[in-house]
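Please consult it alongside the sequence and the coordinates.

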Amino acid sequence: MDFTFTDEQNMLRKTARQFVDTEIMPHIADWDAQGSFDPAIWKRLAELGFMGICIPEKYGGSGMDYNSLAILCEELERGDTAFRTAVSVHIGLNSMTLMQWGTEEQKQRYLVPQAKGEKVGAFGLTEPGAGSDVSAIQTTAVRDGEEYVINGQKTWISLCDFADHFLVFAYTDKSKKHHGISAFIVERTMPGFSSKAIKGKYGIRSGNTGELFFEDVRVPVANLVGEEGEGFKIAMAALDNGRFTVAAGAVGLLNACLEASIDYAKTRETFGKKIGDHQLVQQMLAKMEAGYQMSRLLVYRAGELKNKGIRNTRETSLAKWQACDFANQAADDAVQIHGAYGYSDDFPVARYLRNSKAPVIYEGTREIHTIMQAEYILGERSDKKLNRMLPTWPFDE
C-alpha cells in the first residue's frame with residue numbers, strides 16, 4: 001500500500017486548484033444565482049488537458065491514471081459541483097465508456113475529439129419513469145436497414161444543451177427485458193433530436209441539466225456501442241466510472257466545507273471566545289475531518305483497482321455512498337457553524353448544502369447502494385470480469 005502521490009499528480013492538484021481559485025471562485029456566486037456559467041470555461045479545461053485527463057495519449061488524452069481523474073474531480077467540486085458534474089459526465093460516463101466498449105472507428109471519430117476538448121460528450125439513461133429501475137426505460141431503437149430509428153425521452157441529463165455527442169440507451173428487444181437494451185452514440189445534429197433545460201433546481205444551479213427528445217432519430221448501425229443487448233451491462237460499467245468521479249467530487253466538497261468552517265470558526269466570536277473553542281463546534285469540525293479522510297481512502301482505493309484493471313463495482317459503490325453522505329452531513333454542519341449567515345448567500349456554505357443533496361440521489365441513491373452492499377455481504381451479489389475491461393494503467397501507447 002502506497003499513499004504517496006507522484007510529482008505529476010501533485011502538479012495536477014496544484015494546477016487544478018489554481019484554476020478553481022482564479023477561474024471559478026470569483027464568479028461562482030453570480031453564476032449560481034443566474035443559473036448558468038461562462039462557456040469559455042470549457043476552452044480553459046481543454047487547454048489544461050483536463051477534458052481527457054485519463055484517456056490514452058493515442059486517443060488525444062493526457063494519459064494520466066484514474067486517480068488523477070479523482071484528483072481533478074476533487075479540486076473542481078471544491079469550486080462548485082457543476083464543474084465536477086460536467087467532467088464526470090463527459091469523461092466518466094461517456095469517454096471512458098467509449099474507451100472500454102467502443103470500436104476503433106468510434107474511438108477515432110468520437111473519443112479523440114472529446115479527449116482533446118473539441119467536442120463534449122454526455123450520457124442518456126434516466127427517463128421520467130425510469131431512474132433506479134433501468135429496465136423500465138421506454139425509449140426504443142428499431143433497426144431499419146443500416147440504421148436504427150430511435151424514439152423516446154430522457155430526463156435529468158447533464159450537459160443536455162451543451163453536449164455534441166450522447167451515449168443513449170434504448171430497447172432493441174423489449175421481450176428480453178434488460179437483456180434487450182442497447183447503447184448508441186447520438187449526435188446533436190441528427191434530425192429529430194432536441195433538448196430542453198430544466199429550471200428551478202434546488203442545487204447545482206449553474207450546471208446545465210434537462211431533457212432529451214428523440215423523434216424518429218436515425219442513427220447509423222456503426223454507432224451501436226457493443227453488441228445488441230449489451231446496453232444494460234455497458235450502462236452499469238459506465239456507472240462504475242461515473243460513481244467513482246461523484247465520490248471523488250464529494251471529497252472536494254468535504255474539503256470546501258472544512259476550509260470555510262475552519263476560517264469562520266477562527267474569526268467569529270461568541271460568549272467572549274472564538275466559536276472554534278466551543279466543544280460542540282469542535283465536534284462538528286472533527287466529524288467533517290473524519291468523513292474527509294475516510295472518503296479519500298475509499299476513493300483512491302477504487303482508483304487503484306481501476307489502474308490495475310480489477311473490477312471495482314463493490315468498492316466504488318461503497319465510496320460513492322459514504323463520501324456523498326459524509327459531504328451532505330458536512331455541508332449541513334457547515335451551515336450550522338455559520339449560524340444565520342450560513343443561511344444566506346453571504347457565505348458559500350448555503351450553496352454547498354444545496355449542491356450536496358443531488359449526489360446522494362443520482363448515480364444510485366443511498367438506498368440502492370445500501371442494498372448493494374448488503375447483497376455483497378450476504379453473498380447474493382458478486383462481480384465477474386467483463387468481456388471488455390478498462391485498459392490498465394500505464395496505458396499501452
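Helix α10 has a buried set made up of Val 349, Ala 350, Arg 351, Tyr 352, Arg 354, Asn 355, Ser 356, Pro 359 and Val 360; buried denotes under 20% relative accessible area, exposed over 50%, and partly exposed the range in between (1.4 Å probe, protein chains only). The model is predicted: local features need pLDDT of at least 70 and side-chain atom pairs count only at pLDDT 80 or more, while totals for chains, interfaces and linings use all residues. Residues are numbered from 1 along each chain as its sequence is written, and side-chain values use heavy atoms, with hydrogens and water left out.

- Glu 363 belongs to the loop between α10 (349–361) and α11, and it counts as buried because its relative accessibility is 15%.

**Nonpolar core**

- The largest nonpolar core holds 117 residues, of which Ile 53, Leu 76, Met 96, Phe 169 and Val 186 touch the most other members; such a core is a set of buried Ala, Val, Leu, Ile, Met, Phe, Trp, Tyr and Cys residues joined through side-chain atoms within 4.5 Å.
- Helix α7 (residues 231–267) supplies the largest share of this core, at 19 residues.
- Leaving aside residues up to four places away in sequence, Met 96 touches Cys 54, Ile 55, Tyr 66, Leu 69, Ile 91, Asn 241 and Leu 390, where contact means heavy atoms within 4.5 Å.

**Ile 181 in strand β5**

- Ile 181 is found in strand β5 (residues 181–187) and is buried, with a relative accessible area of 1%.
- Beyond residues up to four places away in sequence, the contacts of Ile 181 include Val 134, Ile 137, Phe 169, Tyr 171, Gly 229 and Phe 232.
- The C-alpha atoms of Ile 181 and Ala 235 are separated by 9.5 Å, with the two residues 54 apart along the chain.

**Arg 13 in helix α1**

- Arg 13 is part of helix α1 and counts as buried because its relative accessible area is 16%.
- A polar contact of 2.8 Å joins the side chains of Arg 13 and Glu 75; the term covers a pair of N or O atoms within 3.5 Å, where within protein one must be able to donate a hydrogen and the other to accept it, and residues adjacent in sequence count only if both atoms are side-chain atoms.
- Arg 13 also touches, among others, Phe 5, Ile 71, Glu 74, Arg 296 and Tyr 300, with residues up to four places away in sequence not counted.

**Further backbone features**

- Trp 156, in strand β3 (residues 147–158), has a positive phi of about 55 degrees although it is not a glycine.
- Trp 156 is exposed, with a relative accessible area of 53%.
- The peptide bond from Trp 393 to Pro 394 is cis, with omega near 5 degrees, and Pro 394 lies in the segment after α11 (366–377).

- Met 1 is located in the segment before α1 (7–24).
- Met 1 is exposed, at a relative accessible area of 92%.

Methods: Helices (H or I, at least four residues) and strands (E, at least two) are DSSP runs, numbered from the N terminus.
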